[in-house]
Amino acid sequence: MKTTIANLELGQRALIKEVDTDAVPLKLLEMGCLPGNEVELLQMAPFKCPMYLVINGSHLAIRREIAARIEVKII
């Protein structure tokens, strides 16, 4: 089983390994959601969607189904 952003716990940090560029919006890629960048889970809304993240210093809110398309390595 691969680890994705959707699997992160609150406060956990990870490095992005792989991004499904067909499923992830271009805007997220432009904001730094790229392999090699660090991501941290700050907060989750009720029902775990959306997820509030910090990616390379940018604060983002993404849907859980998109987060499941971004593979990470926990650090």
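Asp-22 sits in the loop between β1 and α1. Asp-22 is exposed, at a relative accessible area of 77%. Exposed means over 50% relative accessible area, buried means under 20%, and partly exposed lies in between, with a 1.4 Å probe and protein chains only. Arg-69 is 47 residues away from Asp-22 in sequence, yet the two C-alpha atoms are 9.5 Å apart in space.

This is a predicted model, in which local features need pLDDT of at least 70 and side-chain atom pairs count only at pLDDT 80 or more, while totals for chains, interfaces and linings use all residues. Residues are numbered from 1 along each chain as its sequence is written, and side-chain values use heavy atoms, leaving out hydrogens and water.

Now take the sheet. Helices (H or I, at least four residues) and strands (E, at least two) are DSSP runs, numbered from the N terminus. Two strands pair if DSSP finds at least two bridges between them.

Look at one of the strand pairs. Strand β3 (residues 51-55) and β4 run antiparallel, joined by 5 bridges. Met-51 has Ile-62 in β4 as its bridge partner.

Pro-50 lies in the loop between β2 and β3. The peptide bond from Cys-49 to Pro-50 is cis, with omega near 0°. Lys-48 lies in the loop between β2 and β3 as well. Its phi is near 65°, a positive value in a residue other than glycine. Lys-48 counts as partly exposed because its relative accessible area is 43%. Asn-56 is found in the loop between β3 and β4. Asn-56 is not a glycine, but it has a positive phi of about 50°. With a relative accessible area of 49%, Asn-56 is partly exposed.

Next come the charged pairs. Side chains of opposite charge can pair when their charged atoms come close. The rule for a salt bridge is a side-chain nitrogen of Lys or Arg within 4 Å of a carboxyl oxygen of Asp or Glu. How many salt bridges does this rule give? The count comes to 3.

One joins the side chains of Arg-13 and Glu-38, at 3.5 Å from N to O. This pair links distant parts of the chain. Arg-13 is in strand β1 (residues 13-19) and Glu-38 is in strand β2 (residues 38-44), 25 residues apart. Arg-13 is partly exposed because its relative accessibility is 38%. Glu-38 is also partly exposed, at 31%.

Another is the salt bridge of Glu-71 with Lys-17, where the closest N and O atoms are 3.4 Å apart. It too links distant parts of the chain, with Glu-71 in strand β5 and Lys-17 in strand β1, 54 residues apart. Is Glu-71 buried or exposed? Glu-71 counts as buried because its relative accessibility is 14%. Lys-17, at 46%, counts as partly exposed.

Stay with Glu-71. Its strand, β5, covers residues 70-74. Which residues does Glu-71 contact, leaving aside its neighbours within four places in sequence? They are Lys-2, Thr-3, Thr-4, Leu-15, Ile-16, Lys-17 and Glu-18. Contact here means heavy atoms within 4.5 Å.

Arg-69 lies in the loop between α2 (64-67) and β5, and Asp-20 lies in the loop between β1 and α1 (26-30), so the pair ties together parts that are 49 residues apart in sequence. Arg-69 is partly exposed, at 41% relative accessibility. Asp-20 is partly exposed too, with a relative accessible area of 25%. The loop between β1 and α1 is also the place of Asp-22, the residue whose C-alpha is 9.5 Å from that of Arg-69.
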